Amino acid sequence: ARYRKVDEDFFEELEELLLQADVGFETVMDLMDKLRYEVQRQNIKDTNGIQAIISEKLVEIYESGEENLTGLNMQQNGDLTVILFVGVNGVGKTTTIGKLAHRLKSEGKSVMLAAGDTFRAGAIDQLQVWGERVGVEVIAQSEGSDPAAVMYDAVRAAKNRGVDVLICDTAGRLQNKVNLMNELEKVHRVISREIPNAPHEVLLALDATTGQNALVQAQMFKEATNVTGIVLTKLDGTAKGGIVLAIRNKLHIPVKFVGLGEKMDDLQPFDAERYVYGLFADGLEKELKEIED
Amino acid sequence: MAFEGLAERLQGTIQKIKGKGKVSEQDVKEMMREVRFALIEADVNLKVVKEFVKKVSERAVGIDVMKSLTPGQQVIKIVQDELTTLMGGEQSPIKFSNRPPTVIMMVGLQGAGKTTTTGKLANVLRKKYNKKPLLVAADVYRPAAVQQLQTLGKQLSLPVFALGTDISPVEIARQAIEHAKEEHHDVVLIDTAGRLHIDEQLMQELKDIRALKEPDEVFLVVDSMTGQDAVNVAQSFNEAVGITGVVLTKLDGDTRGGAALSIRAVTEKPIKFVGMGEKMDALEPFYPDRMASRILGM
Ligand SMILES: Nc1nc2c(ncn2[C@@H]2O[C@H](COP(=O)(O)OP(=O)(O)OP(=O)(O)O)[C@@H](O)[C@H]2O)c(=O)[nH]1
Ligand SMILES: Nc1nc2c(ncn2[C@@H]2O[C@H](COP(=O)(O)OP(=O)(O)OP(=O)(O)O)[C@@H](O)[C@H]2O)c(=O)[nH]1
Ligand SMILES: [K+]
Ligand SMILES: [Mg+2]
Ligand SMILES: [Mg+2]
């Protein structure tokens, strides 16, 4: 393997790599402090083995002393589990619902979908195509109808038919639109009224291409709907979505899944170690190569 | 937490300078560090930030700031000026063909807002330019993409050319252009599927559509919330298909929108429109000076 000295240049390069992965200033500075301390403490001279330390420190920041939370909160004894999807426009909510339905169905669960986006052109059709693909029923009303009413219907239908999981789609909305955030709160309320403790999961879809605004998204959606987890979508591109570190650290919302494409099985459980490694390892390797050449 | 504006960022440094008689090079350096912070927090690409800060520093160390009684204001003004210039000074109009139909291609990453913008743009073309646009449903991949465009067409009472999803997008585009000629549509707006800039096969498809009839405009549609990756995306699309302009969407949100600067800096192509909402009338011309203020949080 190639080694180099751990000096100021090295720290600066690492800092830049992480900033370019959208990790954000505060988190990067936090890491650099921890890393400098560790390098001194362990008297580390070259980059041999430093990747593991960087990973460890990043995971430490991410988890900030909390337990690792990646699983879904599923109801037992045949009780209905309700999962609500929220997020800004175009991040991948509907697609992720299709993928998650497929995943749960493969695990032997019966799944139903609720077409709660009655606003965007073609949104209901889109979810219905996914329903057909996966082979699950979709509860829908016509475009323009009240999303809360669709949810009410869907929860009733899911209970009647005794399905295991109901996954609810909602229209994309920007977090600064007060009316639309209120509407989302109402949708949430309707579900809770039908089943106490439901929705059992509120998953915020975040596009990995998003920059620092994702932190504000998470904060506002959490206030409106008590988000329980994040799905980080579009990680198959070149963007890394590093802001999820700050989101977990500051707002205590864990990433539960990552989206890796547009197909049915392009959804994977989140693995913190693997993820943080991906934030910087390739970049560092490339820098080393350049220095060598 | 996030999103302190440049003015707030500079407060500390300004306070320090106030007590002194004049501004030193060291003071300027400190101010530039705050400028760097503010820009990165606004999602301007790191490399672009570096170039930019270098340029601003050169000006700031010059005469203007050092002698000024309000050095903070001076720095902000220089930053704002330079940003506005970088963002393209003037408003850039749509280019039309003198051999109609004018062909406009919409390209970009998944979920950026291409289909919605296709509808909005058709609306602008009809209302402001008196054109007779034809919308083309060339996304055969995303579930219900065709229905989405058809629904928008219905809302606008504008025709949508669609051949379902069993025919290749290139063939759909070819037939659409023929159809437009026959029916005397003077603008053809092609809505393409979202794709990753690293997806070679799908990027080739765009090149093939492009080769049918040299498009007058190829608009890269970009989500204004995009982070550091904006430069990779813009550069790749530009190299592969040769974009002529940019549409920045979802600017009705509260993002600083630093991606605008990154894209402009790497492609040197003008940002022509901004999306300000989901409705069909929410498309506005782009104003560089407003965008500069926004990125700086002012
Ligand atoms: N490459 C890639 N594309 C994805 C992924 N997830 C979703 N997409 C694509 O992103 C686009 C938007 O996805 P949707 O599921 O419609 O997003 P949404 O959040 O439901 O959008 P709205 O309902 O309009 O707010 C589609 O073209 C999807 O195919 C992913 O993990 N990777
Ligand atoms: N608030 C807001 N939403 C927008 C704007 N432009 C588009 N959207 C929304 O963003 C989401 C994605 O828009 P689409 O037009 O489907 O995006 P696309 O690029 O065609 O997506 P794919 O075809 O899946 O790649 C939808 O929910 C749109 O309503 C905008 O300017 N403001
Ligand atoms: K997006
Ligand atoms: Mg959707
Ligand atoms: Mg589309």
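A: What follows is a close look at the surroundings of ligand 1. This is a predicted model, in which local features need pLDDT of at least 70 and side-chain atom pairs count only at pLDDT 80 or more, while totals for chains, interfaces and linings use all residues. Residues are numbered from 1 along each chain as its sequence is written, chains are lettered from A and ligands numbered from 1 in the order in which they are written, and side-chain values use heavy atoms, with hydrogens and water left out.

Ligand 1 is surrounded by 22 residues, and the closest are Lys93(A), Thr94(A), Thr95(A), Arg120(A) and Glu262(A); a residue is near a molecule if one of its heavy atoms lies within 4 Å of it. Because the surrounding residues come from chains A and B, the site is shared between chains. Helix H4 of chain A (residues 93-106) gives the largest share of this shell, four residues, where a helix is a DSSP run (H or I) of at least four residues, numbered from the N terminus.

Polar contacts, meaning pairs of N or O atoms within 3.5 Å, can be followed from both chains. From chain A, an N or O atom in the side chain of Lys93(A) is 2.7 Å from an oxygen atom of ligand 1, and a polar side-chain atom of Gln126(A) lies 2.9 Å from an oxygen atom of the ligand. From chain B, a polar side-chain atom of Arg142(B) lies 3.4 Å from an oxygen atom of ligand 1. Ligand 1 taken alone exposes 650 Å², of which the protein buries 96%, with accessible areas from the Shrake-Rupley method and a 1.4 Å probe.

How values were computed
Polar contact = N/O pair within 3.5 Å; in protein donor to acceptor, adjacent residues only side chain to side chain. Helix = DSSP H or I, 4+ residues; strand = E, 2+ residues; numbered from the N terminus.
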